[in-house]
Amino acid sequence: MARGLLVSFAGYPVMISSFFPDNGLASLAGTLLAHGHEVKVLDFNTSDSLVGLVPAERSRQLEELMPLLSGPTDREAQTLFYEIDEALDADLILFAREMADRLTAEVEAQKSDFIGFKLWSGDGFVASVRAAEMLKHRFPAIRVYGGGPAVLYSEETIFEYTGAFDALVDGEGEEAIIGLAESISGSRDLADVPNLILRDGASIRRTARSFVVDLDELALPSYSPEVYPSLRGDRQIKLFVIDESRGCPMGCAFCTHRNATGRRWRTKSSRRFLNEAESLNRDFGCSQIRLGGSYTPMSFFEGIIDCVGRNGTSFHFSGFAHPDGIPLDRVEDMATAGCRSLFFGVESFVPADQEMLGKRIEPQHAVNAIRKCQEAGIVPGIAMIVPLPGQSPSAREKNLSNLLELAAAGAALVMVTIPGLLPRTPWFQERSRYGFKLNVAEDEYRSLLSQYKIRHVLPPAMWEPLPYELDGNRFQQICGICASFQSELTKEGILTNIPDELVLVAESRGESLGACREWHREMLLKMDACRWSGLIADTNRSLEAS
């Protein structure tokens, strides 16, 4: 038997979901327990962490910044934010030391054999690496592992950034974490453990790639207070994510999902999904579920409709969807079965853009799917990337016109993002074909992404410029085109950059989406720990009552 800690810290909160329990670590914990190992999840994405992370003085400074962001970004706002951001960086390093001290106490109490860090990008990566380095110094014999989004983007360059990790997990973690636990006793060689990146002297080794074939065979995620202590009280929002499916057959040119979860769809049965949902409802009063898959298959929705029709439902859900992935003749049945919001990755309604993206979406079919959702009372979210490679101004005007028409027909959310150049995507691997130019070496860029901070509540123009160009436009110009498009939507009263899970929160709290958007943005910018604590407690009571 091995004893281990699983750790997550994503950094400063960027969405309300920053305070949700981590379904990935809960799944790893359940897997370890099912194989006879001892495990504890230490999730630092909590309201009390925010107390130590953001001093009251910093929150006051951020409050002073808010009025300056109501109009076009000016030099005064940028100067003030950069000053605050430097102070936040210093606060983060102090918090990393607090993390290391808390983890030290846990290691000594558990007599841990290993620690697994979920490595997020940006602030979470920097703080987690600092804490990992301190723990490795204090406990030289302990095994320290890393996995998560930063490994997907940065891969082996993390070994160049830090010497803290004995192995990195690249891909699904359930099989890997069991192999890593078994390797501690010597009963398994690391070379036989799937999905690892290993350092072998001056060279890098990768082990075989593997995906969980049958998701129903996975152990139930463990959220018990003994295993997941941050769920005691109201330190986190008790809105849970369930991995209903993994894998994506689409192969969109900008997306990394196929590298993370493979090209083949794997779906939990309706019965397994409902068992998880009912268990969360029973244990936590959870009535709202976020689907974790990047493209939920139609067969899953049809199974839920049929299963709930027989048994009734005690929860509502939201998630990602594809216009071809929902049964258009049964959308009203989906609403009856508990669906409240679906997020469609459309990116553009222009056929030439769709062909370039490899999306395989027929634009009119996307419009029809969105309208069907509106008619059924399911709030559609529409993702747009602005600008797209080779996209003409007339194409953006066409997209704007379509969005205005859809918003006039009923509730709709629009998420507008810049074209991110991510490793392990066709955009990155075939840059010249798509009009991208990278102005630094590939490894330097991949390493940079692990530390890159995205401030979702701030205009992209205030983000640190990334060293790439698109169609001759530098990062700041790309951000300007995106901001202009979003501004046109906002002027028309369209709600932008609201995540679909906020629909679930708004419903449980009995608030309008517009009202939720305002406090969501304000709370994320000010990062007032006291107010967040109150809001999390109030939201939990609403979730229990809804």
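User: In strand S7, which residue is the bridge partner of Ile 197?
Analyst: This is a predicted model. Strand S6 covers residues 196–200, and S6 and S7 pair in the antiparallel sense over four bridges. In S7, the partner of Ile 197 is Arg 206.

User: Which strands stand at the edges of the open sheet, and why is one side of each left without a neighbour?
Analyst: The sheet is open and mixed in pairing, with seven strands in the order S2-S1-S3-S4-S5-S6-S7. Each edge strand has a single partner strand, so one side of it has no neighbour in the sheet. On average, neighbouring strands are turned by 20° against each other, direction ignored. The edge strands are S2 (38–43) and S7 (203–206).

User: What angle does the direction of helix H4 make with that of S1?
Analyst: Helix H4, residues 75–110, packs on the sheet and touches strands S1 (3–8), S2 and S3 (114–118). The direction of H4 makes an angle with that of S1 of about 160°.

User: Which strands does helix H8 lie across, and at what angle does it run to S4?
Analyst: Helix H8 spans residues 174–184. The strands it lies across are S1, S3, S4 (143–147), S5 (167–169) and S6. Its angle to S4 is about 170°.

User: Which residues have the most contacts inside the largest nonpolar core?
Analyst: In soluble globular proteins, nonpolar side chains tend to be buried together. The largest nonpolar core here has 173 residues, and H4 gives the largest share of this core, 11 residues. Leaving out residues up to four places away in sequence, Phe 165 touches residues including Val 129, Val 144 and Ile 158. The residues with the most contacts inside the core are Phe 117, Phe 165 and Trp 427.

User: Within what arc do the buried residues of H15 fall, seen down its axis?
Analyst: The buried residues of H15 are Ala 395, Arg 396, Asn 399, Leu 400, Asn 402, Leu 403 and Leu 406. They line one face of the helix, and they pack against H13 (351–357), H14 (363–376), S14 (379–385), S15 and H19 (475–491). The face turned away from them carries the exposed residues Pro 393, Ser 394, Glu 397, Ala 408 and Ala 409.

User: Why does Gly 410 count as partly exposed?
Analyst: Gly 410 lies in the loop between H15 (393–409) and S15 (413–417). Buried means under 20% relative accessible area and exposed means over 50%. Gly 410 counts as partly exposed because its relative accessibility is 26%.

Technical notes
Residues numbered from 1 in each chain as written. Predicted model: local features only at pLDDT ≥ 70, side-chain atom pairs only at ≥ 80, totals over all residues. Heavy atoms only, no water. Pairing = 2+ DSSP bridges. Helix = DSSP H or I, 4+ residues; strand = E, 2+ residues; numbered from the N terminus. Axes fitted to C-alpha atoms, helices over the stretch in contact; angles between N-to-C directions. Contact = heavy atoms within 4.5 Å. Core = buried A, V, L, I, M, F, W, Y, C linked by side-chain atoms within 4.5 Å. Buried < 20%, exposed > 50% of the residue type's maximum accessible area, 1.4 Å probe, protein only. Arc of directions from axis to C-beta.
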